[in-house]
Structures are given as C-alpha cells and as structure tokens.
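Please look over the sequence and the fold below before reading on. The report that follows takes up helices and strands, the sheet, the surface and a charged pair.

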Amino acid sequence: PEENWVTALNGKLEGLAYVTDQSAGYVVMRVAGERARVLLQSGVSIDLHPSHFGVGSAVSTAIAHIGVLLSQVDDRPSFDLAFFRSFTASMEHWIAMASAAHYP
C-alpha cells in the first residue's frame, strides 16, 4: 500500500468506522527442510501432501490452538507460519516438542 494509507482510509471512514494497522503484531517463522512437511502435518488438520498443498498454497489454520497463516514458499520445502507475536514462545515450544517426537 501507499505510504500513510491507514490515515487516508481513516479519513474516508470518519464517523463510520475506525481503522487500525496491526501488522506489527505478527511474527513470521520459517520451517524448512525435507522433513518440514511431516513436522507441520502433525500439528494441522489439513492435508499437506504435495499433490494438495504445494508452492504458493496458503491456508488459515491452527497449530496447538494457535491461529496460523501457513504458506509454502518453495520446493525445498519451506513453509512460513505467520501468527500473533505474543504466541512466539508457545509456537517454539510446540516445534521443539513435535521435533522431539519425530526425531528422538
């Protein structure tokens, strides 16, 4: 968006609605490697098989009760997980526990 788009939109909606930019409230974590899909599959309720979820695919889902925007960004495969910043420690904990379960 153009610079100051929030201010411009707020002016157009004055008296009708409020506009807030909460994009800084998200963190993006990348999970990558040949076993990344297996790891993530253990936490989501959607099919991440490459024939159904490939490069450019994106979904809103949950991992360990954390709302996540999940997307596959390349064939490595690499996945981006975008979620509210306040859940970072919880997501790191889930990844550590899921990794330990898959790779003892």
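## Basis and the N-terminal helix

Helices (H or I, at least four residues) and strands (E, at least two) are DSSP runs, numbered from the N terminus. By that rule Trp-5 has its place in helix α1, residues 5-12. This is a predicted model, in which local features need pLDDT of at least 70 and side-chain atom pairs count only at pLDDT 80 or more, while totals for chains, interfaces and linings use all residues. Residues are numbered from 1 along each chain as its sequence is written, and side-chain values use heavy atoms, with hydrogens and water left out.

Trp-5 counts as partly exposed because its relative accessibility is 37%, where buried means under 20% relative accessible area, exposed over 50% and partly exposed in between (1.4 Å probe, protein chains only). The C-alpha atoms of Trp-5 and His-93, which are 88 residues apart along the chain, are separated by 36 Å.

Four strands form an open, antiparallel sheet in the order β1-β4-β3-β2, two strands being paired if DSSP finds at least two bridges between them. Strands β1 (26-32) and β2 (58-63) each have a single partner strand and stand at the edges, so one side of each is left without a neighbour in the sheet. From one strand to the next the twist averages 30°, with axes taken as lines fitted to C-alpha atoms, for helices over the stretch in contact, and angles running from 0 to 180 degrees between N-to-C directions.

Strand β2 is joined to the antiparallel strand β3 (residues 66-74) by six bridges, and Ile-63 has Ile-66 in β3 as its bridge partner. Helix α3 (residues 88-102) lies across β1, β2, β3 and β4 (78-84), and runs at about 15° to β1; contact means heavy atoms within 4.5 Å.

## A nonpolar surface patch

Tyr-26, Leu-69, Phe-84 and Phe-87 form a nonpolar patch on the surface, and together they have about 340 Å² of accessible area. Patches are made of residues with over 30% relative accessible area and no salt bridge, like charges being joined within 9 Å and nonpolar side chains (Val, Leu, Ile, Met, Phe, Trp, Tyr) within 5 Å; accessible areas come from the Shrake-Rupley method with a 1.4 Å probe, and for residues only the protein chains shown count as cover. Phe-84, found in strand β4, counts as partly exposed at 38% relative accessibility.

## The salt bridge

A search of the whole structure finds one salt bridge, defined as a side-chain nitrogen of Lys or Arg within 4 Å of a carboxyl oxygen of Asp or Glu. Arg-30 forms a salt bridge with Asp-80, their closest N and O atoms being 2.6 Å apart. Because Arg-30 lies in strand β1 and Asp-80 in strand β4, the pair ties together parts that are 50 residues apart in sequence. Asp-80 is buried, with a relative accessible area of 15%.
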